[in-house]
Structures are given as structure tokens and as C-alpha cells.
Amino acid sequence: MAREFQRGHKAKISDLTAGTDLYIGVQISGPGLGFDISCFGLDAGEQLSDDRYFIFYNQPKSPEEAIQQLGTQAGDTESFRVTLDRIPAQIQKLSFTATIDGAGQMSQIGPGYVRIVAGGEEVARYAFTGAEFSTERAVMLADFYLKDVWRFAAVGQGFDGGLDALLKNFGGEVAEEQQAAPEQPAAAPGFAPPAGPAPGFAPPVATGPPAPPQPAPGFGAPPAPAPVHAAPTMVAPMTTPPPQAPPQAPPGQPPFGQVPPPQAPPGQVPGQMPGQPPFGQPSYGQPVPGQPMPGQGMPGQPAFGQPAFGQPPQAPHAGQVPQTPGAGLAAAMQKYRELPTGQRWTQQNPKLMRADLAQAGGQPVLARQGSMVLYQGKVEFGYKGAGFTGRIVGNMTGQEMQLMRCTGRGQVFFAEEASYLHPIELQGDAICVSAENVLAFDESLQHEVRRIEGHGIPGGALFTMLFQGTGTVVVKTHGTPVVLPVTPTTYADSNAIVAWSAASQVVLSSQVRLRRNAYPGHSGETVNLQFRGAPGNFIIVQPYEV
């Protein structure tokens, strides 16, 4: 089953397939539009320092044939063969792009995709639609880039200037490309599919002679719902609209903001303010053409509470400067859009965390009950009980966690009371966290209650939760915390401490042996925790006392 990508998602090629001889298919179309699909081989500075690695219809392969343009096949508008282990060391990135040949905009395209096929099987697909673009004429669709290992990224970033802007972005020479184009017609047969694949290359259909891959079922429709960040969610821009000329007043009425003449019109009812119609009735006199009805906004704007995005504006009133919808809304919403990264845990903002359940082998996530604020995809939520013994221990120690189990193949967003969230990744090590400060964690982590011994403390001890193994635990704090290294003289209030490295030695320090309410002369700091340990240990303290 192919792995679905959204714009901004990234992954290692080795996580998708063990092969390095890959088929890249691009499908993009629009009514009356023509497209040029190319591949740019870029250096470490993301520049086209060697023109021989600009793979397009006039140059269908690189010198060592590690990158080859195969042409239209199997429902793909364009296809390529990429042999990663043959790409020279100076090429650090392959950028697959699409530009419109002639007039048009990327907002006019239909559903399309970029897919990776290895050994005849589709292993990854990035689907896109014209709704993700506006006036762009060139788009960087996807990248293969070398960062320790080869990785794949769904980009979806466009340029209004078309191919010229794309070449300038990569450091290419626009003038030379324009002079060279007339020498070879676009329909020259030199960029037909190669005569035969190299040993080990498996096109999408493995039987018989080399043949193109068969299109996936439902090829023409979007394979996945549009991402949430591409759908309008607000009914009006949050930014202040540009100033516009005030509408002219209808005949017989004073300008907006002016006090009307003191004389009352005929038919005025008792208690009615001069110049105002009775409650719930239209203005006195006959309405002029273009005048808005009661409860309706200014001409050119929708009625209050009605969606404005995507609706055609009404005819403006005489003398009114019409507004330009769309651009302001998109700009206002840009900073609030989802931050997709393809990682297991992604922090959307300081107070919102997203978990991708399809990552990490599809392992479930355990989270505090009621902490889910949004989810996408097919996700199931179930009660996670601690068992009879666990409930007894939790009640006695104050470290009981009411958890839910999140499973499926989707993304879940977590938050709680606008607390600050901090993902802590464990790689076989351990950390102690108070149960009150745990929001969510990978089910692969082991957790248990740890006892902190002490004398002179009511109950004889304090308790915390110990997490260890490989995975991530999301810690929540009131306010921005501080992380301090452990020294022989490090003390922290037991009500403000959030977490500490499990290798630290913790000692309870009590200045008095009476309860606070029984000792009116105390300082209020009766119980502290003293931390000791080797260099590298730390504590996390929040600016708040539980």
C-alpha cells in the first residue's frame, strides 16, 4: 500500500523501499493547459551549477544516465527513472517541477500527484489539487535530497513568474535557455523512453518487456481528502481590511455619521428617535436601487454570519470602492496553518501537539482523557485502564493517570487548558515526570510509579512517574519552564518541579517537621527536593506551584 504524503511531509527513502532504482511518475492536467515537467539536479547550495543536470524535453538524461526522462506512460503526464546510487556526489538534491507552457495559472489544474514506484509497486504518493495554488505558473512539486541518506519531501511551492522565475531561483541562465529552445522542436523524438532498462530496474509492470506501471484504481479522483489547512475555516478575514471610500447616502438621508435634521418624517410613532424608522421597519421613503436590505452588510459584502470565502461579491453601491476578497484572507490564515512534517510528533504551536499514528510502525498513543481537540483520518479512541492494582497505587500515591488509547491511521491533535507543551524524546534512557504534568506518550514507553523516600514528611514519601524506553512523552507546564543542570546545591520546590533525569539522586529536604497550617511562623517553603548527580543530569521547573 502506497504511503500518502501531504505538502511539507518528509521521509527517508529507505523507510519507503529498499530499492534505489526508482520510477517517478507525475500527473498534472488542466483544461486548455500544457505543461513542461523537468528535474533539476542541484548542488549543496541548491544551485544548478552543472547545466547537464537540468533534465527536460531537450536534455532527457544526465551524463551518467542516473536521471532519465521516460515520457508519458501509464496515465502519468511525465515519468522519470532515478538511480540514486549512481548520482554523482556533487548532486545533493533533485527537484521535480512543473511549469505551464503558455497562458494559465496553477489554480486551474485538476487533481494530480507525484508517485514513487519501486519494483513495479507504488510505495509513495503526494496528491495535490488546484485549490492549493493561486496565480503560480511554475511549481516545485517534490524533492529528493541527500541528508546522510536520500530522503523524499512533498514541496508544492510555486512561482508566479513561470519557468524564468524557476531558473533564476536555481541559478540558471534564462537568456541562454530562450535562445536554445528554437533549435530543437518540442516534439523531437529524442526524449522517447530508453531502449531498455538497466539491470535491476523494474518498471511498474514487471511481466514481459519493459512496460509502464498500470494506473492505480480511481486515478482521476483525489486519492485523499484535501488537507485541513487548505480548506477555508473562517467566514471573514481577521486582519483589518484596506480603507475604502464611504458609501454615498441614498437621496433624502444624511451621510453616515451625520446627525439627521430635527424634523420628524410623517408617520413617526411615539418614542421613535428623529430620523430613525420604527423598530424592525425599513427606512422611511422608497428604497433606492442598490440600497442594502435591513440586516444585510454593506454592498459587496455578505450578510452577517454568512460565509464570504468563494462567494461572488454583490454589485457595489454608487461611489463605493469595491473590496478585493481572497488575497487578504489567504495571507491572514497563512500563519495559522498546519505544520506538516511527516514526523511522529509535531508541535503546531507552543500549546498544541500533533501525533501521526501512521508513523513509528502504527504504534498507539496513550493520552490524558479529554485532551483530543482535533483528529484527521481513521482514528479510534478507547479507554485505557490501569487495572485494579494500578488504581490502588494511583490513588495512594497521587500519580493516577486517566488515559485513553488512540489507534488507527490518522493525525490527532492534543492540548489541555492552553498549557505549554514540550515533547521529550527518549532513546533508551529514562526521565521522571509528575503524573499531573503528563499529557500524552507513546505506548512503547514503560511507565511506573517511583517512590522518593524522606523523613519528617506527611506520609513518609513523595512519588513520581518514571518513563523509560524508546519513544516520546509530551510534558505540559504552566508557563515557560526553565531547565537547570544538577549541582550539589540544587534545590527545587516539590510543588513546582515538573521533571528530572532519572539518573539524578533525589533527597527530600524539610526545614520544619510540622504541617504548614500548624506552624504559623514558617516561611512557606517547608518541603524541598535536593538533587545530586553526575554532570549531564538536569531538572525542569515551571513558574507555577501546583
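Analyst: Strand β15 (residues 365-368) runs antiparallel to strand β17 (residues 403-414), and four bridges join the two; strands here are DSSP runs of E with at least two residues, helices are runs of H or I with at least four, and both are numbered from the N terminus. Two strands count as paired if DSSP finds at least two bridges between them. β15 also runs antiparallel to strand β19 (residues 438-442), to which three bridges join it. Val365 takes part in both pairings, with Cys406 as its bridge partner in β17 and Asp442 as its bridge partner in β19.

This is a predicted model, in which local features need pLDDT of at least 70 and side-chain atom pairs count only at pLDDT 80 or more, while totals for chains, interfaces and linings use all residues. Residues are numbered from 1 along each chain as its sequence is written, and side-chain values use heavy atoms, with hydrogens and water left out.

The protein has 27 strands and five helices. Six of the strands form an open sheet of mixed pairing, in the order β1-β10-β9-β3-β7-β6. Its edges are β1 (3-5) and β6 (67-69), and because each has a single partner strand, one side of each is left without a neighbour in the sheet. From one strand to the next the twist averages 20 degrees, with axes taken as lines fitted to C-alpha atoms (for helices, over the stretch in contact) and angles running from 0 to 180 degrees between N-to-C directions. β6 pairs with strand β7 (residues 78-83) in the antiparallel sense over three bridges, and Gln68 has Arg81 as its bridge partner in β7.

Of the 546 residues, 39% count as buried, that is, under 20% relative accessible area with a 1.4 Å probe and protein chains only, where over 50% is exposed and anything in between partly exposed. Leaving aside neighbours within four places in sequence, Ile28 is in contact (heavy atoms within 4.5 Å) with Phe35, Ile37, Thr77, Ala98, Met106, Ile109 and Phe128.

Tyr126 and Phe128 form a tilted pair, 5.7 Å centre to centre with 50 degrees between the planes. Tyr126 is buried at a relative accessible area of 1%, and Phe128 is buried at 1% as well. The pair of Trp500 and Phe531 is edge-to-face, because the ring centres are 5.4 Å apart and the planes stand at 65 degrees. Trp500 lies in strand β24 (residues 497-501) and Phe531 in strand β26 (residues 527-532), so this pair ties together parts that are 31 residues apart in sequence; both residues are buried. Ring pairs also link Phe5, Phe80, Phe96, Phe144 and Phe152 into a cluster.

Technical notes:
Phe/Tyr/Trp six-rings, centres within 6.5 Å; stacked < 30°, edge-to-face > 60°.
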